[in-house]
Amino acid sequence: MFDFQGYGPGIFGGAILTIELALLSLVLAFILGLLGALGKMSHSRLANGISTFYTTLIRGVPDLVWMMLLFFGGQIMVNAFFDMLYNLSDGRIDIYLPFNEFTSGVLTIGFIFGAYMSETFRGAIMAVDVGQIEAGKAYGMSSMKVFRRILFPQMMRHAIPGLANNWQVLLKTTALVSVIGLADMVRLASEAAKSTGQPFKFLLPAALVYLAISALSDLVFKHLNVRYSAGVERG
Amino acid sequence: MFESAISIFSNPDTWYHYWDGFVTTVQLVFLSLLVGGLLAVPLAIMRTSKNRFISWPVWCFTYVFRGTPLLIQLYMIYYGVTLIDGIQESIWWVIFEGAFYPALIAFALNTAAYTTEIFRGAIEATPRGEIEAAKAYGMNWAKRMRRIILPSAFRRAIPAYSNEVIFMLHSSSIASLVTLIDLLGAARDIYARYYAPFEAFISIGLVYLCITFGILAIFKQIEKRMLGHLKPR
């Protein structure tokens, strides 16, 4: 039962890679989500338009299509960009940037979930009492300070349930990077399954790892929820 | 820049291929939503049961199917059915030889798990007064379910369910990873034939975008009709 025929260490390494990929994409998605939400709430028409375009386009097209577009077209785009630089600088800038699967995985997942997070954060920002922000401004705080000291700590309480949800979906989406050539857990497990003809032996443990990560993150989010709800009366 | 796009899309074979992919995607999504939805109604009723022996197995089912990637579920079913003893000699092999039915089973079970939780939330949100009134009228459990609880629960579930439908459309693109030629599978073929990633994947992305907007428009109409009484005046 527990004899993985030499595939064990590889799959374990794949699990670590999956976790790294998920966490890095989460950071990117968090930042893009905040920017997107602030753009949607802003009075500037341009910022508004850009963030609406971003969230609509990303959420209307399957993740896998974005991944394939970036993976198969990414190198061409990068090459075209540096060719342009080469021509513009008369050959002084000569860079070849090989496109890396891990980076493109993080970028795609981060960009996709940034769009979902924008919606979460937008709802959370709207749930903060306007009076709080006005009070901050009345104290003479800059808008950056208002965001950091007043808006962010209060909006996080409302954002956490949505954030937890997005994280669970993001975690499962990382399984798709196996298709664009990244040796993550799912790819290694499915290759082992195909070559040994024993699908359940390798795929079930991989599924269990996902379940374990999601159970563990439930605990983390419960803790965060308590933390950000400090000082709020519960009904 | 546009020459390759013109040569790709002036070839009728491209359009036939995309059309076949479109048909496969629509069939897969529609059938899995149908089967998944039919499974989800009894499962959701079981999930809300006060008897632990009834609700716990359903909880396990939804927890496992919602907690693991659909890709793993698909691989397990696709590679797993070949392990069943003697299936390759039986008449079932005609069905399971291709990737369509394994994909359909995986998608239907997956969407059943999500839909069960959506329906459960809607059933549990039934106002207590409505149930008490039904009891006061002397309705038994089955009649209460059929006449009072389920009709209003289905209405309340519509907004969340529309998300699930779009989610299913998007996840159906992973069917292309087990040799099925759905929309994305067709795009991958076009990409491989012409080595034109942008033309192939951007065009298919636009098709998915249009279907998504179509589904959203349909659900907006349904919501207008079914949830009109909840609209803020």
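In chain B, helices α2(B) and α3(B) are oblique to each other, a class that holds the angles left over once those under 35 degrees are called roughly parallel, those over 145 roughly antiparallel and those from 65 to 115 roughly perpendicular. Their axes come within 7 Å and cross at roughly 125°, α3 comprising residues 52–67 of chain B. Axes here are lines fitted to C-alpha atoms, for helices over the stretch in contact, and angles run from 0 to 180 degrees between N-to-C directions. The model is a predicted one, in which local features need pLDDT of at least 70, side-chain atom pairs count only at pLDDT 80 or more, and totals for chains, interfaces and linings use all residues. Residues are numbered from 1 along each chain as its sequence is written, while chains are lettered from A and ligands numbered from 1 in the order in which they are written.

The meeting of these two helices involves B:Leu43, B:Met46 and B:Arg47 on the α2(B) side and B:Ile54, B:Ser55, B:Val58 and B:Trp59 on the α3(B) side; two residues are in contact if their C-beta atoms, placed from the backbone, lie within 7 Å. By class, this contact has 5 nonpolar, 1 polar and 1 charged residues. In this division Ala, Val, Leu, Ile, Met, Phe, Trp, Tyr, Cys and Pro count as nonpolar, Asp, Glu, Lys and Arg as charged, and the others, Gly among them, as polar.

Helix α2 (residues 12–47) of chain B also packs against helix α6 (residues 100–124) of chain B, where the axes come within 6 Å and cross at roughly 45°. That angle makes α2(B) oblique to α6(B). The contact of α2(B) with α6(B) has 16 nonpolar, 6 polar and 2 charged residues.

Chain B as a whole has 10 helices and 0 strands, where helices (H or I, at least four residues) and strands (E, at least two) are DSSP runs, numbered from the N terminus. Its C-alpha atoms fill a box of roughly 70 × 55 × 30 Å along the principal axes. Of the 233 residues of chain B, 37% count as buried; a residue is buried if 20 or more other C-beta atoms lie within 10 Å of its own, exposed if 12 or fewer, and partly exposed in between, with C-beta atoms placed from the backbone. Among the contacts in chain B with a separation of 6 or more, 76% are accounted for by residues 24 or more positions apart. The average pLDDT of chain B is 88, and 97% of the residues score at least 70; pLDDT is the predictor's confidence in each residue, from 0 to 100.

Two loop residues of chain B have positive phi values. B:Thr179, in the loop between α8 (141–171) and α9 (183–194) of chain B, has a phi near 70°, although B:Thr179 is not a glycine. B:Thr179 is exposed, with 12 other C-beta atoms within 10 Å. B:Tyr195 lies in the loop between α9 and α10 (197–226) of chain B, and its phi is near 50°, again a positive value in a residue other than glycine. B:Tyr195 counts as exposed, with 12 C-beta neighbours inside 10 Å.

Chain A comes to 8 helices and 0 strands, and its C-alpha trace spans about 65 × 60 × 30 Å along the principal axes. Buried residues make up 36% of its 235 residues. Helix α1 (residues 8–41) and helix α7 (residues 185–196) of chain A have axes that come within 7 Å and cross at roughly 155°. These two helices are therefore roughly antiparallel to each other. Their contact is made by A:Gly10, A:Ile11, A:Gly14, A:Ala15 and A:Thr18 of α1(A) and A:Met185, A:Arg187, A:Leu188, A:Ala189 and A:Ala192 of α7(A).

Between the chains, 27 residues of chain A are in contact with 27 residues of chain B. The elements giving two or more residues to the chain A side are α3 (63–88), α7 and α8 (199–228) of chain A. That side divides into 20 nonpolar, 4 polar and 3 charged residues. A:Leu203, in helix α8 of chain A, touches A:Ala189, A:Ser190 and A:Ala193 as well as B:Ile72, B:Tyr75 and B:Met76, not counting residues up to four places away in sequence. A:Leu203 counts as buried, with 25 C-beta neighbours inside 10 Å. For the complex, the predictor gives an ipTM of 0.86 and a pTM of 0.87.
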